[in-house]
Amino acid sequence: LHLCYLTELFIFLSLLFKTKILYPWLVLNSLGGGITGFINSNLPENSLIIENIHLHLSHFNLLFFSMIAFKMKLVISKSNFIKSLFFNAGIFSFIIFFNIIFDSNYWFTMNKPPGKNLATLFPDWPFYLFGLIIIGLTSYYLTFKLFSKKTFQ
């Protein structure tokens, strides 16, 4: 249920069913998510090597998808950008309720992620969420600018 893994699942389904309808949302999630996965870890220090390999390989897949989309000259419109923001906000809201019902911590809405990551710089719950959301929105905006029509003119 983490956004990066949901994004990977939908990349796979988009490739499998040969549809590009979700590409703008996938790219907006992929670039920032891929970078975040490489510079941050949400794994505890005692994690197995296979968990570390999975974390980095899965985030590499996101970055690779972003590079392919850039090479394809995918253009993300302002409408795609806004729809993607609302779609993620809806998923985020669902995840909060899911976490409350099942006492889980997807999207780190209940507790800071373990490991060495930017969340350690932010205050405790719920204030660290604002920092993570601001980072996410900044990443989304920068990705949108990179994939706007102006980039390919």
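This is a predicted model: local features need pLDDT of at least 70, side-chain atom pairs count only at pLDDT 80 or more; totals for chains, interfaces and linings use all residues.

A: Gladly! Residues are numbered from 1 along each chain as its sequence is written, and side-chain values use heavy atoms, leaving out hydrogens and water.

Q: Which values describe the packing of helix 2 and helix 4?

A: Two packed helices are described by the angle between their axes and the distance between the axes. Here, helix 2 (residues 23-39) and helix 4 (residues 78-102) pack at about 70 degrees, with axes 9 Å apart. Axes are lines fitted to C-alpha atoms, for helices over the stretch in contact, and angles run from 0 to 180 degrees between N-to-C directions. Helices are DSSP runs (H or I, at least four residues), numbered from the N terminus.

Q: Which residues make that contact?

A: Contact means heavy atoms within 4.5 Å. Helix 2 brings Pro 24, Trp 25, Leu 28 and Asn 29, and helix 4 brings Asn 80, Phe 81, Ser 84, Phe 87, Asn 88 and Ile 91.

Q: How do helix 1 and helix 2 cross?

A: Their axes come within 10 Å and cross at roughly 135 degrees, so helix 1 and helix 2 are oblique to each other. Among the residues in contact are Phe 10, Ser 14 and Leu 15 of helix 1 and Tyr 23, Trp 25 and Asn 29 of helix 2.

Q: Is Tyr 23 buried or exposed?

A: Buried means under 20% relative accessible area, exposed over 50%, and partly exposed in between (1.4 Å probe, protein chains only). Tyr 23 has 7%, so Tyr 23 is buried. Leaving aside neighbours within four places in sequence, Tyr 23 is in contact with Ser 14, Leu 15, Phe 65, Met 72 and Leu 74.

Q: Which residues touch the most other members of the largest nonpolar core?

A: A nonpolar core is a set of buried Ala, Val, Leu, Ile, Met, Phe, Trp, Tyr and Cys residues joined through side-chain atoms within 4.5 Å. Of the 21 residues in the largest one, Val 27, Leu 74 and Ile 76 touch the most other members. Helix 2 gives the most to this core, with five residues. Not counting residues up to four places away in sequence, Ile 76 touches Val 27 and Phe 144, among others.

Key:
Helices (H or I, at least four residues) and strands (E, at least two) are DSSP runs, numbered from the N terminus. Angles under 35 degrees count as roughly parallel, over 145 as roughly antiparallel, 65 to 115 as roughly perpendicular and the rest as oblique.
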